[in-house]
Structures are given as C-alpha cells and as structure tokens.
Amino acid sequence: MRKILLYSIIGFFIILYFSLTIFILPEKYLSNEQLVPQPYFEVILSNSEISLGDSFQLSIVSENRGDYGDIHILSTSFPTLSEIEGIVEIVTYDFTQSSVHITPGDEIGAKYSGGLESIIAKYPSIEAMNRPILPDAKNHLELIITPEKPGIFTIYVKSIDIPHTSNQSHYPYSGILDHQDEYVLDYSVNVNP
Amino acid sequence: MPLSQSDLPKKFLEIHSERIFLFGSIFTSFGILLVTVGGSWDITNHLLNRPETFFSPPHALMYTGVAISLIGVVLSFFGWHNLQNSKDYYFQSLKIKLIGIGLLIGAGPFDFVWHSNFGLDGLLSPPHLTLILGMFLCSIGGMIGISKYLKINNLKSIFSYLLILAVLPIWLSGSGIISSLSLPFSNTDYFELNPEPTFAFFVASMAFPFLISFSMLLIFRLSNLRFGMMSLLGGLFLLIYSSTAIVPNFALFDSIQFYSLNLIPFVISDIFLRINNSKKSLIFVGGLLGSIFYMIYYPYVMYTFNESLLGKLVSPSLIYFVYFELIETVLLYTVIPAIIMGIIAVFVSEKFSRKILMKKS
C-alpha cells in the first residue's frame, strides 16, 4: 500500500515535470516580449569648411535608448575615399570591441540581415562595436580627418543593434541608403583648395 | 634498529603512499572540474562578449585547473611509486591520468600558438579537442583512483561524497566532447569546422542521453546504491551549468525557474531506486534520465537542433525564444532514441563499475 502511494506520488511529479517543461513554461516564455535595443547617435563636426591640408574633428556619441542588446554597431564610412590610411585617425574610442576597418572589396553584411545577405564594400568604413549593449549605455568615437583632395568630403554614419527585430533596431530609420542598403545620416565638410 | 634521518621521508612515503595516491586522484579530478567550469564559462564568454585575447578570466580558470591536475598526477605518481603491494591495483588509474595530463599540458601551448596564428578559434579546433580529450582521460583516471581507494579501504559514510567529485568531471568533460561535435560554434575566418547539421543532430540526440544516464547510474553503483548521491550529482551539474551558461546571459535570467525544475527527475530517480532497485527499476530510471537531455542541456543544445530544423539566426538574447519554439518538435524526434540510449547506459555503467570495483587479487 505504501509502495503504491509512493509510485503514485512519483508518477504525479513526472507528469508535473514534463507538463511544466514542455507545455506550460514554454508558452509563458514565448509570450514574453522580445528585447528591443534602440540605437541612437549624435554627431558634432568641428568645422563645416576647411582649407586643404587642415584637419577637422568628427565626434560621435552613440547610445542605446532601448532594451538590453547583444551587439551595438556604429559605422562611419567615407564614400569619397578609396582608403583611409593617413587621412582618418581614431583619437577617442571607448567601445568594448576593437574597431573593424573595412576596405573596398571586403565582403560585408547587408540589409540588416545579420550576415545572411552580403555585398562587396565599395568604400572604406570603420565599425565600432559593443558586445553586449546595456540600456542607456553611451560610447564615444572621435576621428581626426585630414582630407587629401579639395571638394566636398562626405561621411556616412549609422548605427545598428542586434537582435535586429524592427525599424527601431537601427538609426536612422529613413533617408539615404548606403552600399549595404542600410540607412545613413550624411555629413559633409567643404575642403577649399 | 632506529631509523636514520635520511630514511624518514622514504618511510613516510611508504606508509602514506596509498593516501598520497588518493590525494593525487582528488587533485586531478578537482583540477578537471575547474577546467570544465572554465570551459563552459568560456563558451558563454565567447558568445556574449567575443573576447579578443587569449588572456581571459575563463581561460585563467581553465589553466589553473590544468595546473592543479598536474599536481594531482605528480602526487599520484609518487604515491603509486612507493606503494608496497597494490601497484597493479592502481596502475590503470595512473596510466590513464598520465596520458590525459600529457594531452592537457600539450594543449596549452598548442592553443596559444593557434590563437596567435589564427586569431579567435571555434569550439572544435585541434588544440581544443586535445584539451577536452585530456580532460576526459584525467577525469576517468581520477575517478578510478578515488573509487578503488574507497572500495579497498571499505570507506563509506562521509567519504562516499568524494565520488561526486570523481564522477562530475567525467560528466562535464564528456559533455564538452559531445558539445564540440554537435554545436555549430566552430567556423572561423580561417576554418569551417562546424559539424554537419544532420551528424550533429544524431550526436546530440544519442550521446547526451547516454551520458546523463551513465553518469547518474555510475555514481549510484560506485556508492553502493547510496540514497541521495544521484540528486547531489545532478543538482551540482545543474548549478554549474546554470551559473556558467544561463546566469551570465542577462536575457536568459528569468529562465532559471525552468532550468531548476530539472532537479525533479534526479530526485525522482533517487527515490525510485530507493524503493526498488530491481533491473526493471534501473531500466525505467535510465530511460527517464535519457529522455530529459534537451531540458538538461538548455540553452546551447538549441543551436544544434536549430541548424537542422529551423536554420534561424539566433543571437544570444533570442536563445530561449528559439529553444522553446523547438522543444516539442525536438522531443518528438528524439524522445525514443534518447530513452533507448538512457537504457543502454544502464548496462554500460553496470559493466564499467564492476570493472572498476574489482578487488585486487
């Protein structure tokens, strides 16, 4: 009799375990809202016009205004350049990962696909990265740029957070599309001869 | 005749040689336990923070463990060398430990050179495989040494708990081997070493259930059917796995509640075998323990099954959404082979423990 009671209790707990782990808790967890990190940045250009041979400073404060995220990327690209060596210098950098320098011809991700779709880079860029990114975290990137040619010097800036779950997972949300088919804000400095 | 000053250390070694061998085995197993904890932490660290240097806290823990294991093997050797009449009895344990520590020590510089030449390496790489195999062999050697000592000296009571230290590193390092052969964490810029998804599916579905059941029933048998050992072993496994794979990931924190439920089948197995330890009961427990592998290896086992069943891109904060999306499908495909593997482990653990516990002639 005692054994039958014990076996019944064991049976009850086995059923309880499998019910909770396979049906009840998964449903509860799946009904939770996914975390949505929201990137944002502000850019300050030291000059809007310089003479050839002079330098200007680009300062970016990049932040996450949303939930916890796995990866935060701030990309600064230079569509009028073919290489950045000797022209762009990083002077301030406080992201957790080392910066990644992309050169024309590199295979890079596109369309916010997290690497599932890719393109060949047409111009150079610098990617600053945080893994993971906490809510309200702020990071700084400062570049000293010394253009080598007169004319309009253009800089594209964008930020993407992963997981990329909606339009809120990138900044800006609209505007100019870059070579990765992703939205950017553009900044330019007039370089006088 | 009085002993001369120079004879004292020799005499001491002769008298305490067996105990020194035991301490060597304990150190070896404890060292491997640290390596496995560091290894699990390292996987999480790579997934969340992508460390860019070889010198990371999980690596420090792992190599501290290697150093402790090395001390353990050296102690074992000195202990064994001075044994008077049970050299053969302990030789198997020493031999396995020596091979294991050779692989472990070799893996350190190999890993450093690999990192230096190829940057960040994946889970499955030649140095990592060397390291994990060395860990597994050392843990087997340590377990045999501890079990034999307890058996020959007929030590029960509090000493039986040493068996948890003996078996846990085997379970964890065995999990490391299976994870290396099934998780898609091994592609790098230089090498594409991710296991083929179907192969990985089979490895995970067969080997994890076997390993859970084998480890639990091994401790049950080695401890002479002692009640509570399986719950303690299972509880410690869950504690280590949750603190290295779940707690560090902010997005998984609330799933601790789900993971802690896994203690139930371990306690049930203990109670069930306490009431009745017949062959049929052992088979039931083996099947039960095999069937819960997908829950026990939460969260990373999801990556293996996602490769074959969904093919989604899963970033760390999305792990549990994909895990729970897959749970019913995975169990549908795997529950029967998992139960069978759990039952096979019952018989293998019986043979294995019998071989270990053979008394010296």
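Start with chain A and chain B together: in this predicted model, the two bury about 3,200 Å² between them, and carbon and sulfur atoms give 69% of that area.

Now select Tyr17(A), Tyr29(A) and Arg131(A). Together they supply 22% of the area that chain A buries against chain B, more than any other three residues. Keep Arg131(A) in mind, as the tour comes back to it.

Which kinds of polar link cross this interface? The rule finds 10 residue pairs in polar contact across it, both partners at pLDDT 80 or more. Salt bridges between chain A and chain B, on the other hand, number 0.

A cis peptide bond joins the two, with omega at about -15°. Pro132(A) sits in the loop that runs between strand E9 (125-130) and strand E10 (138-145) of chain A.

While you are in chain A, click on Lys111(A). Its phi is positive, about 55°, although this residue is not a glycine. You will find Lys111(A) in the loop between strand E7 (107-109) and strand E8 (118-120) of chain A.

Move over to chain B and select residues 263-275, helix H9, along with residues 279-291, helix H10. How do their axes cross? They come within 10 Å of each other and cross at roughly 175°. An angle over 145° counts as roughly antiparallel, so that is how H9(B) and H10(B) run relative to each other.

From H9(B), pick Pro265(B), Phe266(B), Ile268(B), Ser269(B), Phe272(B) and Leu273(B); they meet Ser281(B), Leu282(B), Phe284(B), Val285(B), Leu288(B) and Leu289(B) of H10(B). By class, the residues of this contact divide into 10 nonpolar, 2 polar and no charged.

For the last stop, select Tyr298(B) and Pro299(B). Here is a cis peptide bond in chain B, with omega at about 5°. Pro299(B) belongs to the loop between helix H11 (293-296) and helix H12 (301-309) of chain B.

How values were computed
Residues are numbered from 1 along each chain as its sequence is written. Chains are lettered from A and ligands numbered from 1 in the order in which they are written. This is a predicted model: local features need pLDDT of at least 70, side-chain atom pairs count only at pLDDT 80 or more; totals for chains, interfaces and linings use all residues. Side-chain values use heavy atoms; hydrogens and water are left out. Buried area is the accessible area (1.4 Å probe) that two parts lose on being put together, summed over both. A salt bridge is a side-chain nitrogen of Lys or Arg within 4 Å of a carboxyl oxygen of Asp or Glu. A polar contact is a pair of N or O atoms within 3.5 Å; within protein, one must be able to donate a hydrogen and the other to accept it, and residues adjacent in sequence count only if both atoms are side-chain atoms. Axes are lines fitted to C-alpha atoms, for helices over the stretch in contact, and angles run from 0 to 180 degrees between N-to-C directions. Helices (H or I, at least four residues) and strands (E, at least two) are DSSP runs, numbered from the N terminus. Angles under 35 degrees count as roughly parallel, over 145 as roughly antiparallel, 65 to 115 as roughly perpendicular and the rest as oblique. Contact means heavy atoms within 4.5 Å. Ala, Val, Leu, Ile, Met, Phe, Trp, Tyr, Cys and Pro count as nonpolar, Asp, Glu, Lys and Arg as charged, and the others, Gly among them, as polar.
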